[in-house]
Amino acid sequence: MRDKAWRLGPEHFGRLISVLAEQGYEVLGPQVDGPAVRWGPLTGPDELPQGIGAETSPGHYRLKQRSGPERFAWGPSPDSLKRWLHVPEECFVHAAQDNGAFHILPGEQPGAPPGGAAPPKFAFIGMRPCDLAALVRLDAVFLKGPYVEEHYSARRREAFLVVVNCTASLDTCFCASMECGPGARTGYDVALTEHTAEEPAAYLAEAGSARGVALIEAITAPRAEPGFIAECREACKQAAAVQRRRVDWRTAPAVMLRSFEHPRWEQTARRCLACGNCTLTCPTCFCVNTIEHTAIDGSTGGRSRVWDSCFTQNFTYIHGGSVRTSVKSRYRQWLGHKLAWWQQQFGTAGCTGCGRCIAWCPAGIDISEEFAALAGTAQGGTGA
Amino acid sequence: MTTHQSTPVSPVPASSGPMTPLPARLISVEKETHDTYTLTLEPPSAPGGELASRFRPGQFSMLYDYGVGELPISISGDPERPEQLVYTIRSVGPVTTSLVTRAPGDAIGVRGPFGTPWPMTEARGKSVLIVAGGIGLAPLRPAIYHILRHRGDYNRLVILYGARSPRDILFKKELSAWGLLPDTQSLITVDYGGVSWRGHVGVVTTLFKSIRAQPAETYALLCGPEVMMRFALRELQIRGLPKNQIFLSMERNMKCAAGFCGHCQLGPFFVCKDGPVFSCAAIEPWMDLYEA
Amino acid sequence: MNSIQVQSALAEHPFLAGLTESDISTLASLAFEVQFQEEQIIFRDGDPSSFFYLIQSGHVALEVRAPGHILRIQTIGDGEELGWSSFLASVNKQFQARCLEPVRAFAFDGAQIIARCEADPAFGFRVLRRVLSTVADRLRATRLQMLDVYATRGGGGL
């Protein structure tokens with residue numbers, strides 16, 4: 001389908017949103033929400049950010065005004081699609097007491113919101129290639145193991161994915177080295193690349209699925225000219241070229257094995273607040289806790305899963321205490337899992353190089369720098 | 001938090017995925033020691049409930065106490081008696097205490113069975129050495145039942161059991177009875193004994209010298225506190241057992257048992273689905289790392 | 001048991017595995033057979049460390065006497081040694097040894113063994129390595145025991 005490429009002008013972009021809405025999708029897109037870009041319901045292209053960029057560095061995120069027509073120059077937003085597909089809190093067991101016994105109440109259909117009849121059909125417009133790579137990773141956790149997580153599955157199955165390739169990298173981006181961006185490879189329905197040399201911006205559209213082709217045909221966009229395609233591709237290539245952070249993730253399993261007791265862990269642990277911001281913003285961090293909730297008279301109750309973080313002390317609690325009591329061990333678990341052990345578990349690294357954990361770490365701890373220090377490949381003069 | 005009314009029963013069927021506990025009726029609660037109880041349940045009557053008791057030795061269930069919480073508990077019963085579900089629980093916290101104080105007729109939620117089993121097939125034709133400590137005998141009892149039911153498939157059976165003190169000995173009568181069977185050794189030791197205790201005193205590894213089986217022809221199955229297993233597997237290797245014939249059952253925090261919650265990870269492993277039973281060859285490097 | 005029988009019994013005792021024939025015969029010349037009844041106290045804590053035993057059959061408990069009760073530290077059985085402190089002439093017995101069943105053993109006078117070890121340091125080294133290995137085993141077991149691995153710690157369980 002790669003030979004099929006279209007050129008979308010502003011009017012097509014508007015139709016893309018409305019056609020998806022007509023098809024019953026709940027269309028979501030990135031929007032400026034106070035000091036950050038966040039995902040929310042999208043009714044028209046004007047709600048998308050325009051002329052907005054972002055400036056990030058360790059422990060720093062600021063939106064900044066740009067002079068151009070670009071709508072997708074803000075890099076990864078602090079929230080990712082996991083908030084919509086792997087929701088922060090979900091009740092998965094409803095039960096009622098029954099004289100010493102209990103029975104399971106019929107709940108919502110898997111994936112449906114509280115009180116909702118059916119799982120939502122989301123169309124995500126403007127997700128980043130690193131977000132898409134993150135979904136592929138969540139799929140491996142929830143859909144490809146011995147069991148299928150049915151709530152995630154129900155929402156994921158329906159989701160329509162319009163990815164926008166990045167033509168602007170943030171300082172904290174290292175998706176190129178993680179092979180997750182700045183251009184999307186597979187897994188999308190439609191991939192767009194923004195062409196900002198004209199105002200308003202135009203978009204190169206490529207379909208990654210039959211329903212992607214159908215959508216673009218429905219909005220009757222013209223075919224893209226080779227010159228236009230080449231310029232869009234070049235812009236994406238440039239976004240990769242400017243990334244200065246990189247992680248040599250293929251070496252990570254060996255590096256973790258030999259650096260398990262590296263003094264760096266202890267040094268970093270002195271800076272790490274164990275606050276869990278990295279796990280919250282990470283688009284692939286999937287860990288959940290299960291909580292029990294019961295009506296005050298005990299008549300009904302249930303079990304909910306809530307996002308959890310391996311940085312909490314109780315995360316590894318078994319009788320007698322926690323397995324990972326030190327902050328050092330918890331940071332090591334997080335980094336080791338992201339870069340090394342995930343590969344052994346699922347065949348890819350667990351990190352997509354989105355850099356959120358770097359920007360949103362209040363202590364400015366930089367996973368790429370930490371890994372370089374462990375691997376012995378650190379460049380002088382940075383960080384701690 | 002969403003709370004749900006029990007009145008309007010929607011036409012949507014209740015989920016029956018791996019995360020839904022199925023109510024199972026409690027038949028009996030038997031006191032084993034001062035803090036440990038064996039619960040016998042009927043398999044859940046809900047569709048698919050009969051699968052809960054189709055387990056292989058070493059597997060575990062998630063037991064749910066309505067309004068209290070849920071925990072991974074090893075199945076301690078006979079794998080060839082699917083008409084009942086048997087769990088041996090040490091009462092050490094709110095959920096375990098609530099579970100063991102339930103009355104016959106009450107319902108307990110069951111999910112599973114989950115996890116990897118003991119290598120009963122691979123061990124055929126070989127001697128089997130069981131090394132258990134404390135409550136760790138519970139997940140090994142199904143393996144013992146299996147061997148006794150298929151006695152011809154295995155060579156010698158050696159059961160070494162360590163408990164804290166004489167009053168902590170689990171399945172005492174069975175341990176004695178097993179020791180009287182042909183080609184079977186069953187030895188108990190306690191860490192702390194009083195004068196009325198006539199048996200061994202010392203940690204379980206001190207029994208290793210009494211093993212009458214050929215190391216190279218023996219499969220060892222270990223379950224107990226992690227420190228005890230670490231010492232035991234080292235000594236077994238010194239005595240000539242190959243790493244790939246030593247298996248042990250690990251314990252980690254588990255919230256889901258299905259690989260979704262992430263809590264039970266140990267390096268590249270999810271203890272819930274890659275374990276709890278691991279070969280020493282796979283798990284030993286990770287057991288030697290502090291806070292892994 | 002005649003001297004040849006003593007020698008062959010000693011040669012099979014795990015504690016002496018790997019010693020040369022002449023080492024065994026040296027030890028055989030010092031050994032004498034002893035038997036104890038069930039509940040017999042072989043030695044009490046505070047006794048001078050005179051004898052060293054290689055147990056042939058039966059179980060012995062090492063005990064500490066405390067006001068009001070006796071704590072059993074460890075049991076020692078056939079194939080093991082008892083009384084290694086007799087190699088240290090100046091140390092008295094630290095524990096009480098009580099037979100849990102009828103016990104048969106070879107006994108050695110500590111002073112005599114020490115004299116032989118001093119006269120033949122190579123022999124002494126070989127024997128003391130075995131004693132050291134026993135002490136190391138006991139120390140390891142005691143440390144592990146000290147961990148009290150079956151106890152519920154800290155905030156209890158779930």
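Colleague: Which side chains are joined by the polar contact of 3.4 Å?

Modeller: A polar contact is a pair of N or O atoms within 3.5 Å; within protein, one must be able to donate a hydrogen and the other to accept it, and residues adjacent in sequence count only if both atoms are side-chain atoms. In this structure, the side chains of Arg303(A) and Glu70(B) are joined at 3.4 Å. The side chain of Arg303(A) also makes a polar contact with that of Glu292(A), at 2.4 Å.

Colleague: On what conventions do such values rest?

Modeller: The model is predicted: local features need pLDDT of at least 70 and side-chain atom pairs count only at pLDDT 80 or more, whereas totals for chains, interfaces and linings use all residues. Residues are numbered from 1 along each chain as its sequence is written, chains are lettered from A and ligands numbered from 1 in the order in which they are written, and side-chain values use heavy atoms, with hydrogens and water left out.

Colleague: Is Arg303(A) buried or exposed?

Modeller: Buried means under 20% relative accessible area, exposed over 50%, and partly exposed in between (1.4 Å probe, protein chains only). Arg303(A) is buried because its relative accessibility is 4%. This arginine belongs to strand S13 of chain A, residues 300-307; helices (H or I, at least four residues) and strands (E, at least two) are DSSP runs, numbered from the N terminus.

Colleague: Which residues does Arg303(A) touch?

Modeller: Contact means heavy atoms within 4.5 Å. Not counting residues up to four places away in sequence, Arg303(A) touches residues of chain A, among them Glu90(A), Phe92(A) and His293(A), and also Tyr64(B), Gly69(B) and Glu70(B).

Colleague: In which helix does Arg155(A) lie, and which backbone oxygen lies 3.1 Å from a polar atom of its side chain?

Modeller: Arg155(A) lies in helix H4 of chain A, residues 150-158, and the backbone oxygen is that of Leu85(A). With 3% relative accessibility, Arg155(A) counts as buried. Leaving aside neighbours within four places in sequence, the contacts of Arg155(A) include Trp84(A), Glu90(A), Pro120(A) and Phe122(A).

Colleague: Why does Arg90(B) count as partly exposed?

Modeller: Arg90(B) counts as partly exposed because its relative accessibility is 21%. Arg90(B) is found in strand S5 of chain B, residues 85-90. A polar contact of 3.1 Å joins its side chain to that of Asp35(B), and the backbone oxygen of Tyr150(C) lies 3.0 Å from a polar atom of the Arg90(B) side chain. The C-alpha atoms of Arg90(B) and Ile135(B) are separated by 6.9 Å, although the two residues are 45 apart along the chain.

Colleague: How many residues of chain C are in contact with chain B, and what area do the two chains bury?

Modeller: Buried area is the accessible area (1.4 Å probe) that two parts lose on being put together, summed over both. Here 27 residues of chain C are in contact with 32 residues of chain B. The two chains bury about 2500 Å² between them, 56% of it on carbon and sulfur atoms. Arg72(C), Tyr150(C) and Leu158(C) supply 35% of the area that chain C buries against chain B, more than any other three residues.

Colleague: What does the domain assignment of chain A give?

Modeller: Domain bounds come from an automatic or database domain assignment. For chain A this gives domain 1 (5-241) and domain 2 (249-375). Their C-alpha centres lie 25 Å apart, and the contact takes 44 residues from domain 1 of chain A and 42 residues from domain 2 of chain A. The area buried between these domains is about 3400 Å², of which carbon and sulfur atoms give 60%.

Colleague: How many aromatic pairs are found over all chains?

Modeller: A pair of aromatic rings is described by the distance of the centres and the angle of the planes. Rings of Phe, Tyr and Trp (its six-membered ring) pair if their centres lie within 6.5 Å; planes under 30 degrees apart count as stacked, over 60 as edge-to-face and the rest as tilted. A search of the whole structure finds 33 aromatic pairs. Phe51(C) and Tyr53(C) form a tilted pair, 6.4 Å centre to centre with 35° between the planes.
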